[in-house]
Amino acid sequence: MITTAGNLPAPLTSFAGRRREVAEIRRLLGEVRLLTLTGAGGVGKTRLALEAATGLSKSFPDGLWLIDLAPIQDPAMVAPTIASTLRLPDLGTRPALDQITDHLTHNRALIVLDNCEHLVDASAELAKKLLLACPGLRVLATSRQTLEVTGEHVLTVPPLPIPDEAIELLQERAIAVRPDFRITDSNRAQAVRLCTELDGLPLAIELAASRLRTLPVDQLTDRLRNRFALLNGGCRTKPPRQRTLQGMIEWSYDLCTPAERLLWNRLSVFVGGFGLDAAEEVCAGEGIAEHEVLDLLDRLVAQSVVLATEAEGLPRYRLLETIREYGRARLTESGGEQRARRRHQEFFLALAERTAAAWFGPGQEETLARLRAEHNNLLAALDFCGSAVVEVPEHPQARPALPGPEETELVDQDQADAQTTLRLATALRFHWCADGFLGEGRRQFERLLTAAPEPTPVRARALWAAAWVALLQGALATADRWLDEAEELSERLNDHSVLPYVHGFRGASAAFRGRMEEAMPLYEEALAAHRAAGEGGEMLFWQFQVAITQAHLGDPRSADTSRRAVEIAEAHGERLYGSYALWALGYALWADGDMEEGLSLTRAALETLRGFNDYAGTAAALEVFTWITASRGNHERAAQLLGSVYALSREIGACPVSTLGTHRAHCRETVLSALGEAGYDKAVAEGARHDSPAQAIALALAPGTDTGQGTSATATSSLTCREREVAALVAKGMTNRKIATVLSLSPRTADRHIENIRAKLGVSSRAQIAAWWVGSRGSLS
């Protein structure tokens, strides 16, 4: 039996979760000599280090020692503290560091150097000297920032996974104060919400669990609006900073420099993360130069205040919600909240308006990915109003005296803010309409049009954008009302820039009602106005709708109109509405008897739509694809696709092909007759599970189906420029990680490109991608 020296405390509570991290720490300590656990305050670094170290007595027979530096304030006391912990005599004749190195020179021991962040320089210097002098020594450090010592290996401790390990910890700690407490089906959703609100932070969850002695889970969760006052009942035997959530965050805050604190405060205006460009634009000024933001941000990342992450394939940063709320409170106290929120709104307004202005061109998928990543920030910007509204009583006799200059300035500012916010909602029209946010867009327009009733050009443009959202939801009467007001405002303001959109969307309203003869001249009027203005990209938006209307009316010009739309899209590098033009052309050719080319073009449209989250466009392309599939005799697959079409249609209202109802009815009758009612219902139910654009497209283009799949020129032409670069590197034998390095991508983004290429080419291996690239280089050059 091995008797191990040391002072590792016996835990008073069970250890929940972290099995993977414990195993990884133990493995690493067998390979590296200095391992630092970093992470936010309260994430459980100390408890994890102790759990991992406790199981290593056989590996370190000469001792497992915990050195807690939290109580130490003087850097010169680090070495004496270690010497005292190792029970070395203090005779005053030799430096403490010399005593320690002599003692440990020939020992196989592990020192857990805990809470180094406030003494990081002294801890780093001491760890370096000890490891150089003692070859059998290992150091496991915990710190909110790395020690930056040569040979240091860093392991970032994340919050607990939600729901599994976070819920496990909540239940174990709650049972300690309330033995009858259990997570059940009735309270599980609220428990998950509680752990989510607390970011999966173990300290916060443990403090919350102590409140379950007197509060049910749902009430506790609702009270988190004031989390710092609520979570203040920690164990009296713990250090003061660990007894309350606020104490833990203040410990980190006090370790920051004034400039770092200022940046922390300002970063709190971001919701759900932010990019570097946003941080530089929003947070610079009044104490922080723009060029200083990156360095300060890097230091906050190093101190585990800010987390480096990724969203939608983009590098991002974020604050845990608890840390963000603390910074927000400090920002408010300092009087800087209004300025920061206004700059936040200005940044996202500029981003959205650049996006809208450049929409009919290349980069649409990347643009929408950025807006998706910023969705929570966009909502926060839409909620901003810089000053309070001066309310005027309804009854004249109750009205106050005319407002003075200060009150007038507040009213004017409020009106200006309302107009700015309406501009933002309008600039986000492609985010609402082409990326699956119709419901949110409708709510925002209804709210903001009410809040900004002034007859301005901003309102006129917002009205037609709002009408577009309403049309796609099938709220035709609401769309008509907004279009009427937009036209009236256009005439009143002598602003004719909105009229093409008014006419075009009136055409869509008529088309969605089945009145195609009425829709055609309205579409053509919108098209002519954009053509006269030289707005080639905007022409595309109406060109494909003209083509669909022509097809419905039996006009033989439909195919040529669609081809012109495809040409416009290609000329501008536009992809989304170019895909609409492809399925419109595919429909026209199929209706004219060219089944194979119609199928190929519609498939190409779906392949392009993979990069978007466009419910209306996907439902339209998928429906045409389904009709062609049924006409080719693949009835079971057609029934599955019908199920997916129905599922997508439940999420939206009208769509461009819904007016071609005779084809839908004929398709259903044909498939039902071929499969029988039971077979039809089963296939439709199976397809209905694919109720998002991505799932629906995956179902339609699944390998091995009889849909004319292959690596034809049409199919392969849907590869983006980036995907072709990736395919070329695959052909050179590079791994996904190497490709990511060469193209400056994240590994996850490189993986996604490979999967997209496989799906588009209908292949299953890297070798097949390489073979395709070698065989097609001539046609793609």
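How many residues does helix α26 have, and how far does α26 reach from its first C-alpha to its last? In this predicted model, α26 covers residues 536-552, has 17 residues and reaches 25 Å between those two atoms. That is close to the 24 Å expected at 1.5 Å a residue.

**The whole chain**
- The protein chain contains 38 helices and seven strands.
- Of its 781 residues, 53% are buried.
- The accessible surface of the chain is about 33,900 Å², and carbon and sulfur atoms account for 51% of that area.
- Among contacts with a separation of 6 or more, 71% are between residues 24 or more positions apart in the chain.

**Helix α26**
- α26 has a kink of about 25°, and the kink is centred on Trp-542.
- The helix is mostly covered, with 15 of its 17 residues buried.
- Gly-554 follows α26 and has a positive phi, near 75°.

**Asp-435**
- Asp-435 sits in a loop, with α20 (429-434) on one side and α21 (438-451) on the other.
- Leaving out residues up to four places away in sequence, Asp-435 touches Leu-368, Arg-372, Phe-430 and Asn-613.
- With Arg-372, Asp-435 also forms a side-chain polar contact of 2.9 Å.

Key. Residues numbered from 1 in each chain as written. Predicted model: local features only at pLDDT ≥ 70, side-chain atom pairs only at ≥ 80, totals over all residues. Heavy atoms only, no water. Helix = DSSP H or I, 4+ residues; strand = E, 2+ residues; numbered from the N terminus. Buried < 20%, exposed > 50% of the residue type's maximum accessible area, 1.4 Å probe, protein only. Contact = heavy atoms within 4.5 Å. Areas by Shrake-Rupley, 256 points an atom, 1.4 Å probe, with all protein chains shown as cover. Polar contact = N/O pair within 3.5 Å; in protein donor to acceptor, adjacent residues only side chain to side chain. Expected span 1.5 Å × (residues − 1). Bend = angle between axes of the 7 residues up to and from the residue.
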